[in-house]
Amino acid sequence: MTLVGRDLVKAYVIERSIFGRPRAVRKAVDDVSLVVEPGRTFALVGESGSGKTTTAELMLGLNRPDAGSVTVDGADLGSFSGRQLREVRRNVQVVFQDPASALDPTQRVGSALSEPLAIHRSGARSSRRQTVLETLDLVGLPLQPRDLDRYPAEFSGGQRQRLAIARALVLRPRYLVLDEPVSALDVSTQARVLTTLRDLQAETGVGYLLISHDLSVVRQVADDVAVMYRGKVVEQGSANDVLGSPRHPYTHALLDAVPRLSARSRQPTFSGDVVESPDATQSSEGCAYRPRCPLSTDRCAHEVPELRVVGDAAVACHNVLNAVPVASPTMRGDL
C-alpha cells in the first residue's frame with residue numbers, strides 16, 4: 001500500500017510566437033519519481049520555483065502529468081474518473097499552507113469540517129458532527145459542540161491550522177499531502193503542530209508527502225528526502241543521509257543557508273548562490289545548476305548529470321566520486 005509517482009513530467013509553455021506556436025517551454029517537473037509509504041514521511045525540499053508544489057498537484061490528481069503516472073495502492077490515478085476518482089481522492093487529502101485562506105471565512109467550522117463527509121456520503125448525517133468532534137480531539141483541539149458554530153476568524157493561527165488538518169483527516173485518508181503546513185505560523189506554534197503531526201502518524205499510520213523549503217522542519221519529521229532544483233531531483237535518500245551527509249553542492253548550499261543561533265556554529269562550506277535562480281528559458285544543455293556552482297567543470301557545461309547511487313543516497317552531480325547509475329530515481333520501494 002503506497003502512493004507512488006513514477007517518472008513524472010509536467011511542462012508549461014512560457015512563450016509563444018505571434019502565430020501561437022510554442023517558442024519556449026519549461027519543465028516544471030522533469031522525470032521525478034517518489035514513494036510515500038504508510039507511517040512514513042517523504043519530504044520534497046528546494047527553493048521557490050523548484051517544482052515542489054507542481055509535483056504535489058500531480059500526486060493529488062489536481063493536475064495531469066504530461067508523462068509518467070501516479071498510483072494509489074496500485075491503482076493508476078490517471079485511469080479513473082467520476083465516482084472511481086472520488087473514491088481514490090478520499091484516501092489522498094491535502095493540508096494547505098495558509099489556514100486563513102484554506103478555510104472559508106463565511107462558513108462555520110462545523111460545516112466546513114463536515115463538508116468532506118457530506119461530499120463522500122460518509123456516515124449518517126446525524127453522526128457527522130460527532131465524527132468532527134472526535135477528529136478535533138485527534139489533532140489536539142478538543143472543542144465543545146457549541147464551538148462548531150464559531151467562524152475561523154474566532155480561532156488563533158495555530159488553531160486554524162489544526163482545523164485544516166482535522167478537515168483533511170475527517171475521512172480517515174491513508175495519505176496526506178502537507179504543502180508548507182507550518183510556514184505561516186510562529187515558531188512555538190510550529191512546534192506544537194509538528195508534534196501533533198508526528199503523534200497522528202504514530203497513532204493512525206497515515207503517510208505524509210511534505211512540501212517544504214524549511215530544512216529545520218524537514219529534519220524533525222521526514223524519513224526520506226528528495227532535493228529538487230528546476231524541476232529535477234538532484235539528491236534523494238534517507239533524511240539522515242541527505243541532511244546529515246549531503247553530497248550535491250546545491251544541498252550543501254541549502255543547508256549552509258539555514259540560520260544558526262550560535263556564534264560557534266560551523267561556517268558555510270559552500271559559496272554557491274541560493275538566492276537567485278537562473279533564467280527559466282535558458283538552454284537545458286548541461287547541468288542546470290552549473291551557473292551557480294563553484295565546482296562546475298567543462299563536463300558540466302555539456303552533459304546532464306544522471307541520478308547515481310552514492311552510499312545510501314542518489315545524487316545527480318558529475319563531481320561525486322564512486323557513483324553508479326540507478327534505474328529509477330526512487331530509492332525506497334520497488335516501483
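Biologist: Which residues touch the most other members of the largest nonpolar core?

Modeller: This is a predicted model. In the largest nonpolar core, which has 54 residues, Leu136, Leu163, Ile165, Val218, Val225 and Val227 touch the most other members. Helix 6, residues 157-169, gives the most to this core, with 5 residues. Apart from this core lies another one, of 29 residues, including Leu3, Phe42, Val177 and Val233.

Biologist: What is Leu136 in contact with, leaving aside its neighbours within four places in sequence?

Modeller: With those neighbours left aside, Leu136 is in contact with Leu113, Leu141, Pro142, Leu143, Leu148, Leu163 and Ala166. A contact here means heavy atoms within 4.5 Å.

Biologist: Why is Thr55 called buried?

Modeller: Buried means under 20% relative accessible area. Thr55 has 0% relative accessibility, so Thr55 counts as buried. This residue lies in helix 1, residues 52-60. Not counting residues up to four places away in sequence, Thr55 touches Val29, Val32, Leu34, Leu44 and Met228.

Biologist: Why is Ala75 called partly exposed?

Modeller: The label partly exposed is for values between the two cut-offs, under 20% being buried and over 50% exposed. Ala75 has a relative accessible area of 23%, so Ala75 is partly exposed. Ala75 is placed in strand 5, residues 75-76. Leaving aside neighbours within four places in sequence, Ala75 is in contact with Val70 and Phe80.

Biologist: How far apart are Ala75 and Leu3, in sequence and in space?

Modeller: Ala75 and Leu3 are 72 residues apart in sequence and 9.4 Å apart in space, C-alpha to C-alpha.

Biologist: Why are helix 6 and helix 7 called roughly parallel to each other?

Modeller: Angles under 35 degrees count as roughly parallel. The axes of helix 6 and helix 7, residues 187-204, cross at roughly 20° and come within 10 Å. Helix 6 and helix 7 are therefore roughly parallel to each other. The crossing in which helix 6 passes helix 7 is right-handed.

Biologist: Which residues of helix 6 and helix 7 meet?

Modeller: From helix 6, Gly158, Gln161, Arg162, Ile165 and Leu169 take part. They meet Thr189, Arg192, Val193, Thr196, Leu197 and Leu200 in helix 7.

Biologist: Which residues of helix 4 are buried, and what covers them?

Modeller: In helix 4, residues 109-119, the buried residues are Val109, Gly110, Ala112, Leu113, Ser114, Pro116 and Leu117. Their cover includes helix 5, residues 128-138, and helix 6. Just after helix 4, Arg121 has a positive phi of about 50°.

Biologist: Where do Asp7 and Arg172 lie, and why is each called partly exposed?

Modeller: Asp7 is in strand 1, residues 3-16. Arg172 is in the loop between helix 6 and strand 7, the strand of residues 175-179. Both labels rest on the range between the cut-offs of 20% and 50%. Asp7 has 32% relative accessibility, so Asp7 counts as partly exposed. Arg172 has 41%, so Arg172 counts as partly exposed.

Biologist: How much of the protein is buried, and how many helices and strands does the protein have?

Modeller: Of the 335 residues of the protein, 49% count as buried. The protein has 11 helices and 13 strands.

Biologist: What pLDDT does the protein average, and where is the pLDDT below 50?

Modeller: The average pLDDT is 84, and 88% of the residues score at least 70. Over residues 274-283 the pLDDT is below 50, and this stretch has 21 contacts in the model beyond near neighbours in sequence. Residues 328-335 also have a pLDDT below 50, with 27 such contacts. Where pLDDT is low, the predicted coordinates should not be read in detail.

How values were computed: Residues are numbered from 1 along each chain as its sequence is written. This is a predicted model: local features need pLDDT of at least 70, side-chain atom pairs count only at pLDDT 80 or more; totals for chains, interfaces and linings use all residues. Side-chain values use heavy atoms; hydrogens and water are left out. A nonpolar core is a set of buried Ala, Val, Leu, Ile, Met, Phe, Trp, Tyr and Cys residues joined through side-chain atoms within 4.5 Å. Buried means under 20% relative accessible area, exposed over 50%, partly exposed in between (1.4 Å probe, protein chains only). Helices (H or I, at least four residues) and strands (E, at least two) are DSSP runs, numbered from the N terminus. pLDDT is the predictor's confidence in each residue, from 0 to 100. Axes are lines fitted to C-alpha atoms, for helices over the stretch in contact, and angles run from 0 to 180 degrees between N-to-C directions. Angles under 35 degrees count as roughly parallel, over 145 as roughly antiparallel, 65 to 115 as roughly perpendicular and the rest as oblique. A crossing is left-handed if the near helix is turned anticlockwise from the far one by less than a right angle, and right-handed if clockwise.
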